[in-house]
Amino acid sequence: MKKLKICVYAISKNEEKFVDRWYESMKDADEIYVLDTGSTDNTISLLKEKGVHVVTKIIKPWRFDVARNESLSLVPDDADICICTDLDEVFLPGWRKLIEENWQKETTRLSYTYNWKLDDNNKPLISFFANKIHARKNYCWTHPVHEVLSYLGTQEISQTLENLTINHYPDATKSRSSYLPLLELSVKEDPLDDRNMHYLGREYMYYGYYKKAIKTLKKHLKLEKATWKDERCASMRFIARCYLNEKKYKEANSWADKAILEAPYLRDPFMEKAIIAYQENNWDNVIINCLKALTIKKNPKSYINESFCTNEAIYDVLSIAFYNQGLYEFSYTSIKEALSISPHNARLLENYKIIQEKRK
């Protein structure tokens with residue numbers, strides 16, 4: 001059987017602190033190619049020292065899809081498999097063997113587990129299937145930001161390998177300032193694309209442009225392609241969150257209720273409703289919605305999932321609600337659960353002491 005030629009490709013800019021870790025996780029590839037888009041640190045020299053093929057090109061005006069396509073163009077035509085990664089990502093060991101054992105002759109794309117956010121103990125908080133492993137031909141990147149790998153052929157054959165895993169360790173110091181104008185451009189270029197309309201509304205929310213966010217997210221919900229319930233639920237939750245930030249509690253509750261009806265199998269809308277109730281000091285509703293969220297044992301793998309639905313937040317909020325209702329034993333049980341997840345959280349430890357005092 002012919003040995004598969006596997007190539008990794010990436011883009012970089014000022015990533016020197018990630019080079020060693022990234023290369024160690026990727027070095028089982030036959031070749032590694034990086035398009036550097038203007039590093040002023042030691043990224044390029046460090047990569048070249050390790051035998052990585054590096055080409056420098058400044059992309060103006062900046063677009064992620066153009067940069068990705070330029071990096072893909074570095075990969076030779078005789079490659080069987082291309083793997084697009086970023087330098088803040090790490091393959092778990094054994095990845096090459098898994099791919100070689102499972103890649104079929106007719107396969108064009110491979111999906112894998114992508115742990116986008118992990119806690120301090122390396123436990124995944126937000127995990128979903130990514131699909132940036134693909135055949136060399138008939139693929140290109142589209143959209144200025146939140147770029148998508150698009151298939152140009154006649155019949156795409158996809159596989160999923162759940163035990164093939166990449167972990168993401170982002171650089172919190174890196175600016176996202178380019179995202180908003182690029183998302184606005186993306187929606188201008190393709191106003192019927194539901195995914196980027198949702199992303200643009202979410203970005204407006206992050207910036208505190210609540211009226212713009214509400215308007216854009218409502219546009220998303222009206223799009224013909226906007227049929228994925230998880231994403232529709234998220235748009236409804238974000239609308240609720242925007243109204244909450246404007247102190248419009250009636251509207252916030254109404255949209256949180258819509259989100260629950262849209263995707264009652266997710267924890268996220270129940271927690272959104274609980275957070276609104278928390279702001280209103282409606283402790284009964286906090287308790288009801290947190291407990292409903294906890295009946296859902298596992299969210300489906302999705303980038304839509306919120307970390308506050310899987311970390312200590314549910315138990316933290318629940319302990320405060322029980323405490324304010326004078327239910328100190330329930331509050332104590334909840335704060336212990338929160339601390340089992342985040343044992344060094346100073347605020348939780350202080351709350352634990354306060355609750356303990358009330359139990360005496």
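Biologist: Which helix is Leu47 found in?

Modeller: Leu47 sits in helix H2, residues 43–49. Keep in mind that this is a predicted model.

Biologist: Why is Leu47 called buried?

Modeller: Its relative accessible area is 0%. Buried means under 20%, so Leu47 qualifies as buried.

Biologist: What does Leu47 touch, not counting residues up to four places away in sequence?

Modeller: Leu47 touches Ser12, Val19, Trp22, Val34, Val52, Val54 and Leu87. Contact here means heavy atoms within 4.5 Å. Leu47 and Glu16 are 31 residues apart in sequence, with their C-alpha atoms 8.6 Å apart in space.

Biologist: Now the sheet. What is the order of its eight strands?

Modeller: The order is E3-E2-E1-E4-E7-E6-E10-E5. The sheet is open and its pairing is mixed.

Biologist: What makes E3 and E5 edge strands?

Modeller: Strand E3 (53–56) and strand E5 (89–91) each have a single partner strand, so one side of each lacks a neighbour in the sheet. From one strand to the next, the twist averages 30°.

Biologist: How do you know that E6 and E10 pair?

Modeller: Two strands pair if DSSP finds at least two bridges between them. Strand E6 (residues 109–118) and strand E10 (residues 158–168) have seven, in the parallel sense. Tyr114 stands opposite Ile166 in E10. Leu110 has Gln159 in E10 as its bridge partner.

Biologist: In which sense do E6 and E7 pair, parallel or antiparallel?

Modeller: Antiparallel, over eight bridges. Tyr114 stands opposite Phe128 in E7. E6 and E7 form a hairpin with five residues between them. In the turn, Asn122 has a positive phi of about 70°.

Biologist: Why is E6 described as largely enclosed by the rest of the structure?

Modeller: Eight of its ten residues are buried, so the description holds for E6.

Biologist: Which strands does helix H1 lie across?

Modeller: Helix H1 (residues 19–26) lies across strand E1 (6–12), strand E2 (31–36) and E5. H1 runs at about 30° to E5.

Biologist: And which strands does helix H3 lie across?

Modeller: Helix H3 (residues 64–73) lies across E1, E2, strand E4 (81–84) and strand E7 (124–134). Its angle to E1 is about 140°.

Biologist: Why is H8 called largely enclosed?

Modeller: Of its 17 residues, 15 are buried, so the rest of the structure largely encloses H8.

Biologist: What makes H8 roughly parallel to H10?

Modeller: The axes of H8 and helix H10 (residues 268–279) cross at roughly 10° and come within 10 Å. Angles under 35 degrees count as roughly parallel, so H8 is roughly parallel to H10. By class, their contact has six nonpolar, one polar and four charged residues.

Biologist: Which residues of H8 and H10 meet?

Modeller: Cys233, Arg237, Ala240, Arg241 and Leu244 in H8 meet Asp268, Pro269, Glu272, Ile275, Ile276 and Gln279 in H10.

Biologist: What do the buried residues of H9 pack against?

Modeller: They pack against helix H7 (210–222), H8, H10 and helix H11 (283–295). Among those buried residues of H9 are Trp255 and Ile260. The 14 residues of H9 should span 20 Å, and the end C-alpha atoms are 20 Å apart, which agrees.

Biologist: Why is Lys247 called exposed?

Modeller: Its relative accessible area is 54%. Exposed means over 50%, so Lys247 passes as exposed. Lys247 lies in the loop between H8 and helix H9 (249–262), with a positive phi near 65°.

Biologist: What makes the peptide bond from Lys60 to Pro61 cis?

Modeller: Its omega is near -10°. Most peptide bonds are trans. Pro61 is placed in the loop between E3 and H3.

How values were computed
Residues are numbered from 1 along each chain as its sequence is written. This is a predicted model: local features need pLDDT of at least 70, side-chain atom pairs count only at pLDDT 80 or more; totals for chains, interfaces and linings use all residues. Side-chain values use heavy atoms; hydrogens and water are left out. Buried means under 20% relative accessible area, exposed over 50%, partly exposed in between (1.4 Å probe, protein chains only). Helices (H or I, at least four residues) and strands (E, at least two) are DSSP runs, numbered from the N terminus. Axes are lines fitted to C-alpha atoms, for helices over the stretch in contact, and angles run from 0 to 180 degrees between N-to-C directions. Angles under 35 degrees count as roughly parallel, over 145 as roughly antiparallel, 65 to 115 as roughly perpendicular and the rest as oblique. Ala, Val, Leu, Ile, Met, Phe, Trp, Tyr, Cys and Pro count as nonpolar, Asp, Glu, Lys and Arg as charged, and the others, Gly among them, as polar. The expected span of a helix is 1.5 Å times one less than its number of residues.
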